[in-house]
Amino acid sequence: MEFKWVITYISPVENVWAKQIPKMTIVIEEVTDREYKWSISVDVFNQKVEEDSFKNLNVGEDVIMYFNSRCREYNGKYYNSLSAWKVEVIGDARSDDSSDLPF
């Protein structure tokens with residue numbers, strides 16, 4: 001399956017855990033004409049944080065985000081995490097294409 005998303009938030013890079021691993025969080029929202037849209041938060045870790053494809057992202061850009069999902073159990077409760085490994089920018093959701101109209 002392939003989903004198109006618009007970026008709504010990009011966190012600053014922070015170092016997490018005892019090993020001080022670089023981490024960035026990106027919130028993406030589905031591109032649809034429905035009134036209520038779905039959003040998810042994906043994390044970017046390690047050297048991926050420094051890759052140009054992630055480092056040069058901007059809020060408002062349309063993207064295709066590739067990520068892995070994981071589920072972990074802790075004290076009888078289950079937690080999901082989404083870790084991005086690739087992103088493709090496909091446009092800018094806020095761009096106004098009317099400027100190139102001939103009238």
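Buried means under 20% relative accessible area. The legends below describe a predicted model.

**View 1. Ser 11, a buried loop residue.** Ser 11 has a relative accessible area of 10%, so it counts as buried. Ser 11 sits in the loop that links β1 (5–10) to β2 (14–16). Its side chain reaches the backbone nitrogen of Thr 25 at 2.8 Å. Setting aside residues up to four places away in sequence, Ser 11 touches Met 24 and Thr 25.

**View 2. The largest nonpolar core.** This core holds 14 residues. Those with the most contacts inside it are Ile 26, Ile 28, Val 44, Phe 54, Leu 57, Val 63 and Met 65. At least two core residues come from each of β1, β3 (21–30), β4 (39–45), β5 (61–74) and β6 (77–92). β3 gives the most, with three residues. In soluble globular proteins, nonpolar side chains tend to be buried together.

**View 3. Leu 57 and its contacts.** Leu 57 is among the core residues with the most contacts inside the core. Neighbours within four places in sequence are left out here. Leu 57 then contacts Ile 7, Ile 10, Ile 26, Val 63, Val 87 and Val 89.

**View 4. The whole chain, for context.** The protein chain has one helix and six strands. From the N terminus, the order is β-β-β-β-α-β-β. Of its 103 residues, 28% are buried. Take the contacts between residues at least 6 apart in sequence: 50% of them join residues at least 24 apart. The chain exposes about 7700 Å², and carbon and sulfur atoms supply 50% of that area.

Note on methods: Residues are numbered from 1 along each chain as its sequence is written. This is a predicted model: local features need pLDDT of at least 70, side-chain atom pairs count only at pLDDT 80 or more; totals for chains, interfaces and linings use all residues. Side-chain values use heavy atoms; hydrogens and water are left out. Helices (H or I, at least four residues) and strands (E, at least two) are DSSP runs, numbered from the N terminus. Buried means under 20% relative accessible area, exposed over 50%, partly exposed in between (1.4 Å probe, protein chains only). A polar contact is a pair of N or O atoms within 3.5 Å; within protein, one must be able to donate a hydrogen and the other to accept it, and residues adjacent in sequence count only if both atoms are side-chain atoms. Contact means heavy atoms within 4.5 Å. A nonpolar core is a set of buried Ala, Val, Leu, Ile, Met, Phe, Trp, Tyr and Cys residues joined through side-chain atoms within 4.5 Å. Accessible areas come from the Shrake-Rupley method with a 1.4 Å probe; for residues, only the protein chains shown count as cover.
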